[in-house]
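Please read it beside the sequence and the model.

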Amino acid sequence: QVQLVESGGGLVQAGGSLRLSCAASGLTFSMYGMGWFRQAPGKEREFVAAISWSGGGTYYDDSVKGRFAITRDNARNTVYLQMNSLKPEDTAVYYCAAGSTVAVVRGYKYWGQGTQVTVSS
């Protein structure tokens, strides 16, 4: 079955950096657009970034543009989210998703279990 396993979350001070990884299995990874979403307590899951199957197209929410970078390695079946200049408002559970590059939850077929990112002020 399809599995998406996120890693790399943790606690970081404001202004710091983290790199999230999402390892995929059970699907032809190179054929799927991939996305990162996040969900803070009491809020809806929201789009962060997406990348096309080839890596040639990347898309970001305005709130993270210039600070986050999404990349992928199709040889390793892995997608990454480099997060720089982190802010307390970036605190959330971050989810990896497969199936599209759109900025809406319903566009994605497969989801990981999430990894917690906490940014202290």
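1. Basis of the note. The model is predicted, so local features need pLDDT of at least 70 and side-chain atom pairs count only at pLDDT 80 or more, while totals for chains, interfaces and linings use all residues. Residues are numbered from 1 along each chain as its sequence is written, and side-chain values use heavy atoms, with hydrogens and water left out.

2. Aromatic pairs. Rings of Phe, Tyr and Trp (its six-membered ring) pair if their centres lie within 6.5 Å. The count under this rule is 5 aromatic pairs. One aromatic cluster is formed by Phe37, Phe47, Tyr108 and Trp111.

3. Charges over rings. A charge sits over a ring if NZ of Lys or CZ of Arg is within 6 Å of the ring centre and within 35 degrees of the ring normal. Arginine 45 places its charged end over the ring of tyrosine 95, 3.6 Å from the centre. Arginine 72 lies over the face of phenylalanine 29, 4.3 Å from the ring centre.

4. Asparagine 77. This residue is not a glycine, yet its phi is positive, near 55°. Asparagine 77 belongs to the loop between strand 7 (68-73) and strand 8 (78-83), strands being DSSP runs (E, at least two residues) numbered from the N terminus. Its relative accessibility is 27%, so asparagine 77 counts as partly exposed (between buried, under 20%, and exposed, over 50%, with a 1.4 Å probe and protein chains only).

5. Serine 85. Phi is again positive in a residue other than glycine, at about 50°. Serine 85 lies in the loop between strand 8 and strand 9 (92-98), and it counts as partly exposed because its relative accessibility is 41%.

Conventions: Phe/Tyr/Trp six-rings, centres within 6.5 Å; stacked < 30°, edge-to-face > 60°. Helix = DSSP H or I, 4+ residues; strand = E, 2+ residues; numbered from the N terminus.
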